[in-house]
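Here's a quick tour of the charged pairs in this chain. Have a look at the picture first, then we'll go through them topic by topic.

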Amino acid sequence: MFILGLGTAVPATRYSQVECWEALCASSRFPAISGPARALLQRVLCGDSGVRTRHLAIDSVEESFEIDPDVQEKRFREHAPELAARAARVALERSGIDAGAIDGLLISTCSGYLCPGLTSYVGERLGLRSDVIALDLVGQGCGAALPNLRTGDALIAAKRCRHVLSICGEVCSAALYIDNDPGVLVSACLFGDGAAAAVLSDAPGARSVEWVDGVSLHEPAEREALRMEHRDGLLRNILSRRVPQLAAKHASSIFDSFSKEKGIGREDIRTWIWHAGGKPVLDRVRETLRLPEAELRRSRDLLASHGNLSSPFVLFVLDAALREGAPGGWWWMSSFGAGFSCHGALLKVA
């Protein structure tokens, strides 16, 4: 399988972390937040959290504090299809593939729910054929991009599809929750909105980006470290302090076992494509895999300007590496998320 073109999209509205803190202080929800919780919020929003700005699908920061099931469902319904379709149009244009040639449509999300799923709305916007294989993949959290791509690889390998459109789209502002739990508060401070798309094919494009193989690890015993639950009709993110340690441990484990099987080492990887998670996650990944700081630059830069976009993030990093003309050879891409799950993929870029 080859990746022919990538596209990304974010809402037009962009807010600094300081703007978010000032709006929170002026909101009607602020008095209900405890003293320690306020201190944590100020430290994350106004300190060195690794995030400076975020794109959010709201017209003003004050709207984000309208934490109501109907308001948030409407926000997801209005913005998720639009963001996904925008990213897809860019990917299709860059790939040189017409929408009518798409045989499969795969969309991952965890920040909202539609029935029929996003594939129905996005396929309609793009004018895809009515017989396209459409699969909505939900509940995989931040790590979803790589399982999505592996599904596309399986469809192409089985000759069920020649061209597959793979999309990850999240409206994290539609899954905002605020209480005094530290994990919930950190989540509210880090996530942004966006979508990314990839056109997959059985033949290479102008620059060959070949998906060689992928690997996944699932650790249900650590499920409580990172997952979502429903409370009061809303999605509430459960985030443990152990996530950086778990992410680094499993990211290192799957790379070591996979690279040994393929007969390559860390010194053979020319470019590393990392999901960020957050600043502590990237710090722990760098330490555990003993990587030069430069290998995480793109992930840190995107985290600073966009926040944690959840599932699309790793595709934003891949897109940045390709647009910068990163050197060809073996590339390693890795994402991790709810479950606890971790995924890796070996790319050969010419």
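A salt bridge here is a side-chain nitrogen of Lys or Arg within 4 Å of a carboxyl oxygen of Asp or Glu. Go by that rule and you get 23 salt bridges. Keep in mind that this is a predicted model. As for the general idea, side chains of opposite charge can pair when their charged atoms come close.

**Asp-256 and Arg-266**
- Asp-256 pairs up with Arg-266, and their closest N and O atoms are 3.0 Å apart.
- This pair links distant parts of the chain, ten residues apart: Asp-256 sits in helix H7 (residues 243-262), while Arg-266 is in the loop between H7 and strand E11 (269-274).
- Asp-256 is partly exposed, since its relative accessible area is 32%.

**Arg-94 and Asp-319**
- Another salt bridge joins the side chains of Arg-94 and Asp-319, at 2.9 Å from N to O.
- Arg-94 belongs to helix H3 (residues 69-95) and Asp-319 to helix H10 (residues 313-323), so this pair ties together parts that are 225 residues apart in sequence.
- Arg-94 counts as partly exposed, at 45% relative accessibility, whereas Asp-319 counts as buried, at 5%.

**Glu-229 and Arg-236**
- The side chains of Glu-229 and Arg-236 meet in a salt bridge too, at 3.0 Å from N to O.
- Glu-229 counts as buried because its relative accessibility is 16%, under the 20% cut-off.
- Arg-236 is buried as well, with a relative accessible area of 8%.

**A network**
- Salt bridges also link Lys-279, Asp-283, Arg-286, Glu-293 and Arg-300 in a network.

Notes
Residues numbered from 1 in each chain as written. Predicted model: local features only at pLDDT ≥ 70, side-chain atom pairs only at ≥ 80, totals over all residues. Heavy atoms only, no water. Helix = DSSP H or I, 4+ residues; strand = E, 2+ residues; numbered from the N terminus. Buried < 20%, exposed > 50% of the residue type's maximum accessible area, 1.4 Å probe, protein only.
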